[in-house]
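Reader: I'd like a close look at one part of this model, cut-offs included. Could you walk me through it?

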Amino acid sequence: MKTHILAGDCLVAPFQDSGIEGAIIINRECLIDGPVGSKELREFWQIRADYIKTTYGETKARYYKRVAGEYEKILNLSAEED
């Protein structure tokens, strides 16, 4: 199966309209602002969720679901997937 990683939600509709088949993963974290240093992935997501909550008022639960959850999909891709 092909999996396409899109750089943000704004690309979803045009991609779907293109007729290209495959699963979609959306990268919603551009990492251009705020802290990004951590030695463990779990700690990294906590740091980012705290920053996004404090700076933009987004709930941690929503951040984990919409951002970290998409990265989990990437980490769980099998070697057979394109």
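Where is the place of R48?

Author: R48 sits in helix α2; helices here are DSSP runs of H or I with at least four residues, strands are E runs of at least two, and both are numbered from the N terminus. Before going on, a word on the ground rules: this is a predicted model, where local features need pLDDT of at least 70 and side-chain atom pairs count only at pLDDT 80 or more, while totals for chains, interfaces and linings use all residues. Residues are numbered from 1 along each chain as its sequence is written, and side-chain values use heavy atoms, with hydrogens and water left out.

Back to R48: its relative accessible area is 2%, so it counts as buried (buried is under 20% relative accessible area, exposed is over 50%, partly exposed is in between, with a 1.4 Å probe and protein chains only). Setting aside neighbours within four places in sequence, R48 is in contact with E29, L31, D33, G34, P35, V36 and Y63, contact being heavy atoms within 4.5 Å.

Y51 has some of those partners too: leaving out residues up to four places away in sequence, Y51 touches D33, G34, P35 and Y56. Y51 also belongs to the largest nonpolar core, an eight-residue set made of F44, W45, A49, Y51, I52, Y63, V67 and A68. Such a core is a set of buried Ala, Val, Leu, Ile, Met, Phe, Trp, Tyr and Cys residues joined through side-chain atoms within 4.5 Å. Helices α2 (41-56) and α3 (60-75) each supply at least two of its residues, and α2 gives the largest share, five residues. In soluble globular proteins, nonpolar side chains tend to be buried together.

Over in α3, the buried residues are Y63, V67, A68 and E70, and they pack against β2 (23-26) and α2.
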